[in-house]
Amino acid sequence: MIDDMIREKIVGASSIGITSHIRPDGDAIGASLGLGMALLNIGKKVQVVLKDGISSTFRHLPGADLVKRAFEPGIDLMIVDDCSDLIRTGGVLGDRIPDINIDHHITNELFAEVNLVEPDSVATSAILAKHMPFWGLSFTPEIAKTLLTGILSDSIGFRTSNTTSESLRLAAGLMDVGADISELYNKALLTHSYEATKFWGFALARMQRENGLVWTALTLDDRKASGYFGNDDADLTNLLSSIESYEVAVLFIEQSITRTRVSWRSAGEFDISNLAHEMGGGGHPNAAGAELEGTLAEVQEKVLRMTQDYLKQVKSYAINSDGDRK
Ligand SMILES: [Mn+2]
């Protein structure tokens with residue numbers, strides 16, 4: 001049993017490292033902090049490392065002070081959570097192969113010795129909420145807050161199509177331990193800084209659409225002009241995904257003169273995880289991302305063309321299979 005393997009590894013270790021993906025979202029942060037605090041509570045030495053630290057949206061979370069940008073030596077057990085491949089850790093592991101991989105991305109590359117990957121799970125934090133008791137770990141109100149934040153973030157407040165009754169039951173269990181869902185919901189999903197909102201404004205003003213596709217870009221100049229200093233999308237992708245009757249929304253985030261990050265959101269049956277994976281990224285059927293070499297204009301041109309082609313393909317397939325049935 002995978003739970004027994006994980007429990008044995010935890011019992012046998014005295015110093016445990018935890019890391020997740022670059023530009024960590026609420027799930028990456030919530031899962032890392034929740035697991036980190038639970039391991040501290042059973043007397044382990046714990047290092048939690050996130051290459052990009054924690055954005056201001058999640059700095060209120062218990063355990064946020066645990067987070068460092070690099071590992072110190074002497075770790076017996078290395079755990080990677082919410083991360084589909086090792087490149088996404090941002091190089092914090094060096095050559096080290098992790099012992100345990102806990103994730104829910106369908107594109108996960110199963111890179112560790114023990115891989116607990118459940119693509120049907122709404123969040124990595126939900127996987128932890130379900131499995132931690134089998135590893136001898138228990139929940140405190142602080143741990144419940146971080147895990148519930150992870151579940152709320154990845155499900156965009158239980159709005160994504162992978163929200164199940166099980167995810168609601170897990171969330172309810174965390175509420176019973178002492179997590180306040182309304183407070184956490186507001187902080188994780190509704191509150192944005194003035195700078196982040198201004199940053200959105202630049203991108204929203206240049207938003208475009210064509211055949212079910214909606215797209216826009218956040219540039220380095222926008223970042224400077226708005227005073228938003230995170231290197232993420234300031235959550236704009238989620239706003240784009242709320243646009244009525246779109247099929248695929250694409251956000252381009254200029255990272256440097258030669259690198260551009262792409263974030264896709266899709267509605268309904270359009271699975272964009274393969275498209276992201278083809279371009280070196282990964283994700284979920286309705287939410288995926290990749291980082292590409294090239295200027296913003298180059299990447300935008302290429303990715304829009306590929307996404308349009310993909311949309312056409314999926315639609316013509318749907319029409320054909322419909323015809324077959326008749
Ligand atoms: Mn996640």
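**Figure 1. Surroundings of Thr-258 in the predicted model.** Thr-258 touches Leu-292, Glu-293 and Gly-294, not counting residues up to four places away in sequence, where contact means heavy atoms within 4.5 Å. Thr-258 is placed in the loop between strand E9 (248-254) and E10; helices (H or I, at least four residues) and strands (E, at least two) are DSSP runs, numbered from the N terminus. With a relative accessible area of 45%, Thr-258 is partly exposed, on a scale where buried means under 20% relative accessible area, exposed over 50%, and partly exposed in between (1.4 Å probe, protein chains only). The C-alpha atoms of Thr-258 and Thr-295 are separated by 4.9 Å, although these residues are 37 residues apart along the chain. Because this is a predicted model, local features need pLDDT of at least 70 and side-chain atom pairs count only at pLDDT 80 or more, whereas totals for chains, interfaces and linings use all residues. Residues are numbered from 1 along each chain as its sequence is written, and side-chain values use heavy atoms, with hydrogens and water left out.

Figure 2. The manganese ion is coordinated by Asp-27 (OD), Asp-82 (OD), His-104 (NE2) and Asp-154 (OD), at 2.1 to 2.4 Å. Donors are N, O and S atoms within 2.8 Å of the metal (3.2 Å for Na, K and Ca), and since water is not among the atoms, sites may look incomplete. Along the chain the donors of the manganese ion follow the spacing D-x54-D-x21-H-x49-D. His-104, in the loop between strand E5 (100-103) and strand E6 (114-117), and Asp-154, in helix H4 (residues 141-154), are 50 residues apart, and this pair links distant parts of the chain. His-104 counts as buried at 1% relative accessibility, and Asp-154 is also buried, with a relative accessible area of 19%.

Figure 3. Helix H3 (residues 124-131) has 7 of its 8 residues buried, so it is largely enclosed by the rest of the structure. Lys-130, by contrast, counts as partly exposed at 31% relative accessibility. Glu-118 forms a salt bridge with Lys-130, the closest N and O atoms being 3.7 Å apart; a salt bridge is a side-chain nitrogen of Lys or Arg within 4 Å of a carboxyl oxygen of Asp or Glu. Glu-166 also forms a salt bridge with Lys-130, with the closest N and O atoms 3.6 Å apart. Glu-166 lies in helix H5 (residues 165-177) and Lys-130 in helix H3, so this pair ties together parts that are 36 residues apart in sequence.

**Figure 4. Nonpolar cores.** The largest nonpolar core holds 49 residues, of which Leu-35, Leu-39, Ile-79, Ile-102, Met-132 and Trp-135 touch the most other members. Helix H2 (residues 26-41) gives the most to this core, with 7 residues. A second, separate core of 23 residues includes Leu-213, Val-248, Phe-270 and Met-279. A nonpolar core is a set of buried Ala, Val, Leu, Ile, Met, Phe, Trp, Tyr and Cys residues joined through side-chain atoms within 4.5 Å.

**Figure 5. Arg-265, a buried charge.** Arg-265 is found in strand E10 (residues 259-266). Arg-265 is buried yet has no salt bridge, and the nearest side chain of opposite charge, Asp-233, is 5.5 Å away; Lys and Arg count as positive and Asp and Glu as negative, while His and the chain ends are not counted. Not counting residues up to four places away in sequence, the residues that Arg-265 touches include Thr-237, Asn-238, Tyr-246 and Glu-247.
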